[in-house]
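Hi,

Here is the structure I promised to pass on.

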Amino acid sequence: MSPSRHPRAGRFRSLTAVLAAAVLTLTACQSAEPKAGTPKAGGTLRIGLASESGALDPHTFSANFLVLDGVFDALVGYGPNGKLRPELAESWTVAPDGKSVEFDLRDGVTFHDGTSFDAKAVKWNFDRWVGKKDFAFFRASKVITGVEVIDPDIVKLKLSEPYDPLLQELSIARPVRFLSPASVGADGKFSAPVGTGPWKFVSNSATGAVLQRNDAYWGRKPLLDRLEFKVVPDSQSRLAALRNGELDVIGGAYLAPITPVEAKSLSKGGGGARLLTGEPDVTVMLGFNPKGPAGDKAVREAVAKALDRKALIEALYLGYGEPASRFFPPAVPDSGADQTFTFDKAAAEKALDAAGYTRSGDTRSKDGKPLRLRFLVSANANGMQDARGSAEAVAGALKEVGVGTDIVFVDDTAYYEDKAAGKWDIAFFETYGAPYDPSSTAVAFLAEGAESPVFATGAYDRLVDAALFARDPKDRKAKYQALYDALYADAGYVPIAYRTRLWAVRDTVTGFAIPTTEYDLELNGVGLR
């Protein structure tokens, strides 16, 4: 289950009026490089946090990804351009039959409490989450059938079948990071966040979390002494805190999101802070529940053709997003080819007419039943900028072709509960981004029993599995394309936007680069002038 991600940017007004304003003020995305300056050793970096970091147990869903990333290491790291790199495993060997992977663990690593990081600790960690239902959204949890301790420095993962995405999935922030076995009591209860990472836990409360440098870190040691994560729920207040020097870093989808309006303001410079932009890594889309009115393909086709996505994006993203044409952004491996989604109201009406939906005024009906869609929306759980305003804009567009909607705006908890209960017809979705894409998102969005079904009918299970378990790169690419083609033929989703990554730092911060993924916070080379 994904955590809360995006605050609303403000109520959607008139799409046309906002679009006009956006056009007048639109400037190109700016990517400001940190100013030159020699970082000095020591100091405290103050980092904005949109919500409490939660209990920092990497084997649960409560903790903030980026705080976890500072405390806990993985066996395998996810580097730029998706290149995997050694972390706690110095190397790995995949068996010729693909049904096991042997890891040579890094020597001399200890947890922050002095406990040795060895093969037994690795097995203890895997045994704590492998096979649990909560982690069924990524296949590593299902495919791993056993963990064998070969010797203190070598551990083998046994698999039910060859599974090439395994190494990439082992780089994610939870649950595959490594917790000290000594930090869990005999009753199995978590007691303290103790990892092997570059930062050691100091404190955690409703107002923030504090980490200090791990001087015994096995890798590149941090320059800074201390990290202070400060909870500032309101995004405008976070921006003000950055400008007045109370915070040094904000941004990121899972840390302290910046709205397009705030990004536009930051791009003008001044205030001792600067904006950093990164290539889009996620797709925002509309998905459908097939067990209801949206189960009719003609309805889904009409929804796709009724939306002027370009106008919607220009109005809401202010240049920090672009119209999407595939399930995953082009930068995602095996994201396939662009697909055609054309704004055409006449074609939308024609599709509904042909399917027998007769129109009377603003509404259509079939067999005496009005065509209305339950539009489930929450502020943070779906990725769309200004979720309520976006839903109103979509509802307005659908009304023009005779499709009625009932917008149900709920909190995040109710959103996931209603989704699981099937109490929705259409909703916004956002792909997970690296390192989850494409395999974990495909399972979570499209397979039967999906955690967050975009259009999971059960018919895609075979296609999802074929793509996930393909071993030859060319074959895998073809299998993913077959999955996308089937989804497109079914009109099973409507891609809306690729969202630009947004971060901002004080001018006193040196060495900061946008993290490789929105789940990581790489600060070892960051300093303060």
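Predicted model: local features only at pLDDT ≥ 70, side-chain atom pairs only at ≥ 80, totals over all residues.

Asp-334 has a relative accessible area of 22%, so it counts as partly exposed; that class sits between buried, under 20%, and exposed, over 50% (1.4 Å probe, protein chains only). Numbering starts from 1 along each chain as its sequence is written, and side-chain values use heavy atoms, with hydrogens and water left out.

Back to Asp-334: its side chain meets that of Arg-476 in a salt bridge, 3.6 Å from N to O (a side-chain nitrogen of Lys or Arg within 4 Å of a carboxyl oxygen of Asp or Glu). Arg-476 is in helix 15 (residues 473-489), while Asp-334 is in the loop between strand 14 (321-323) and helix 10 (345-354), 142 residues apart. Helices (H or I, at least four residues) and strands (E, at least two) are DSSP runs, numbered from the N terminus. Arg-476 is buried, at 18%.

Another one joins Asp-248 and Arg-46, with the closest N and O atoms 2.8 Å apart. This pair links distant parts of the chain, 202 residues apart: Arg-46 is in strand 1 (residues 44-49), and Asp-248 in the loop between helix 6 (235-243) and strand 11 (249-251). Asp-248 is buried at 3% relative accessible area, whereas Arg-46 is partly exposed at 24%.

Then there is Lys-366 with Asp-296, a salt bridge at 4.0 Å, N to O. Lys-366 lies in strand 16 and Asp-296 in the loop between strand 13 (283-288) and helix 8 (297-306), so the pair ties together parts 70 residues apart in sequence. Lys-366 also has a bridge partner in strand 17, Lys-369. Two strands pair if DSSP finds at least two bridges between them.

One more hairpin to look at: strands 6 and 7, with two residues between them. Six bridges join these antiparallel strands, and Ile-144 is partnered with Leu-159.

Cheers
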